[in-house]
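Subject: Structure handover, with notes

Hi there,

Here is the structure I promised to pass on to you. Please open it alongside this message, and my notes follow below.

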Amino acid sequence: MKQLSILFGLWLISLSLVAQNEYERKTFISSKGNSLNYRLLRPEAEAKGTKGEKYPLVLFLHGGGERGNDNEKQLTHGGQMFLNPANREQYPAFVLFPQCPVEGYWAYAERPASFLPAEMPLSQGITPIFQSVKELLDTYLAMPQVDKERIYVIGLSMGGMGAFDLACRFPELFAAVIPICGTVNPQRLVNAQGANYRIFHGDSDNVVPVEGSRAAYEALKSAGIDVEYIEFPGCNHGSWTPAFNYPGFMDWLFAQKKKGKDKDKARFVILPDTQTYVEKHPKVLDGYFGWIVENRRNIDAVIQVGDITQENYPAEWWIMKNQFARLDKAGIPYTIAWGNHDIGSKPMKCSDVYNTDIANHYFPLIEKKQKSYWGDTADGKTLDNHYITLKAGGVDWLIMSLAFGPSDESLDWANQMVASNPDKVVIVNTHAYLYSDSTLLDEGDSWRPQNYGIGKEEGRTVNDGKGIWEKFVSQHPNIIAVFCGHVLHTGVGTLVSEGKHGNKVYQMLANYQRGVKDSQNGGEGYLRIITFDKKKKEIDVKTYSTWNKAYHPSPEHNFVFSLSPCNPH
């Protein structure tokens, strides 16, 4: 009898080894030369050479106990689940099981000192091991057999923390996220839009406290993200076992698809003055545009408010042209306004005269005119004063960009364009408009355009915020918002004014550059995310740091406007 038991045990082990051998052993070499062991399970039909089908992809992140270099231990938990013949037949998929080296910790440079959610790291760069995982994932995403709308990540314990981390870094990528007995700083999850979540944890976990999953659930729910939380009473750290056996685990996972854009919402990203990034903080700048590209599915257009450069140097313009080229490549519409630092007779001459030759050399009109969203320009030669058009959130938009201190002639042209497009809702983008006391920039304020050389040029008119409002913005019922930068002090201001037709105009200053109070790293990658919700009739304003991976803590930077009945919707 004892011999039969031993033989039966050996048979089970050999069966398991044969099954696990269906996972191909592979090693990936990253762009930085780092190697990553992983196992791959292919859909049976694809492995047999069936062509034309698309399959979902599952990324499975193991826990701390399965780290190593044997390229085997990572299959300990979860590996057999995907080999189950019924599952393979019903849920064919590509399944990736990377193995974290012994000295690594997926999402973090080292094991966090505490797993309590409030004490978990809030911000850090992507780890080398996760950079390799992302590059590995990208190679499979490039395959025509992979369904880009059904990419899933599952993680347990250390891997559960990793699943949260990837969802925060690449929210546009995943259709479903399943963190099991993981944890995360809940402040990070406001950026985790796009996927559906199922979180599992045991309430008696003495390794990773259950508070982590509870806090994550509340944060996701508060952010309006689809999330379900399953807690197992009396279960310690091994909650992956009941999770994998939870009714409908595979049904739920493989039913998830990426969400399309909300047809009632238009989302614009406002880029405040970028001058200090290009001058001193290239890593922040690179991450700034990288975040936008990564979130392109949820962005309808990017609006840059001016001071693209610090000193109007060709080298700075070359850098910024390449950054904006990333938006072109990603298919993201954008518009830019020249600020006072982008205008001048030569580099280091800040608006001593009105000369935009360098700016227009690096952002030539001929390139912009080729874009499907292109509208028109005031002089037919430059981007100094121009507009773009697009449809988003069920609304036809016209976004008008005016250079620093626009002339009366420029405002006359802008009036004509807006008046001739009464069917479009208009956003005005210009550099100098609001002051930091939430009033229009006018007499007695610092940094008025009239105080620069361009304000003293003979035969040239220059308008500050008050002039732009009185001569242009207030005159049209279809203008809904004005965005600007330029002003220092607190760098923030908000004003709601009523136009001559009774419509409310929502005007916002946002500036985080060097010289603004409490500015760090050139502005810490702060940008504004403006969501116009046609159904709710509101404007949601959030300020997010692509450097810290967190929203601004102040209510001055995160707020909601309820739209007036007189506003165009």
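Let me begin with Ser157, which sits in the loop between strand E5 (146–156) and H6. Phi of Ser157 is near 60°, a positive value in a residue other than glycine. Most residues other than glycine have a negative phi, and most peptide bonds are trans. Ser157 is also buried, at a relative accessible area of 10%; buried means under 20% relative accessible area, exposed over 50%, and partly exposed in between, with a 1.4 Å probe and protein chains only.

Before going on, a word on where the values come from. This is a predicted model, in which local features need pLDDT of at least 70 and side-chain atom pairs count only at pLDDT 80 or more, while totals for chains, interfaces and linings use all residues. Residues are numbered from 1 along each chain as its sequence is written, and side-chain values use heavy atoms, with hydrogens and water left out.

Asp518 lies in the loop between E18 and E19, and at 62% relative accessibility Asp518 counts as exposed.

How many of the residues of H6 are buried? The count is 12 of 12, and among them are Met158, Phe164, Asp165 and Arg169.

Helix H7 (residues 211–222) also has 12 residues, and its end C-alpha atoms are 16 Å apart, in agreement with the 16 Å it should span. The buried residues of H7 are Gly212, Ser213, Ala216, Tyr217, Ala219 and Leu220. H6 is part of what covers them, as are strand E7 (196–202) and strand E8 (227–232). Just after H7, Gly224 takes a positive phi of about 80°.

**Strands and sheets**

Strand E9 (residues 265–271) is mostly covered, with five of its seven residues buried. E9 runs antiparallel to strand E19 (residues 526–533), and six bridges join them; two strands pair if DSSP finds at least two bridges between them. In that pairing Arg267 stands opposite Thr531. E9 also pairs with strand E10 (residues 301–304), this time in the parallel sense over four bridges, and there Phe268 has Ala301 as its bridge partner.

Elsewhere you will find an open sheet of seven strands with mixed pairing, in the order E12-E13-E14-E15-E16-E18-E17. Its edge strands, E12 (374–377) and E17 (492–498), each pair on one side only. From one strand to the next the twist averages 15°; axes are lines fitted to C-alpha atoms (for helices over the stretch in contact), with angles from 0 to 180 degrees between N-to-C directions. Seven bridges join E17 to the antiparallel strand E18 (residues 504–510), where Thr494 stands opposite Met508. Helix H15 (residues 408–419) lies across E12, E13, E14, E15 and E16, running at about 175° to E14.

**Nonpolar cores**

Which residues have the most contacts inside the largest nonpolar core? They are Phe268, Trp397 and Phe472, in a core of 93 residues. A nonpolar core is a set of buried Ala, Val, Leu, Ile, Met, Phe, Trp, Tyr and Cys residues joined through side-chain atoms within 4.5 Å. The largest share of this core, seven residues, comes from helix H11 (residues 282–294). A second, separate core has 54 residues, including Tyr38, Tyr140, Ala163 and Val177.

Leaving aside neighbours within four places in sequence, Phe268 is in contact (heavy atoms within 4.5 Å) with residues including Leu390, Trp397, Ile427 and Phe532.

Lastly, Gln323 in helix H12 (residues 314–330) is buried, with a relative accessible area of 8%. Not counting residues up to four places away in sequence, Gln323 touches Leu285, Asp286 and Phe289. A polar contact of 2.9 Å joins the side chains of Gln323 and Arg326. Such a contact is a pair of N or O atoms within 3.5 Å; within protein, one must be able to donate a hydrogen and the other to accept it, and residues adjacent in sequence count only if both atoms are side-chain atoms.

Best wishes

Key: Helices (H or I, at least four residues) and strands (E, at least two) are DSSP runs, numbered from the N terminus. The expected span of a helix is 1.5 Å times one less than its number of residues.
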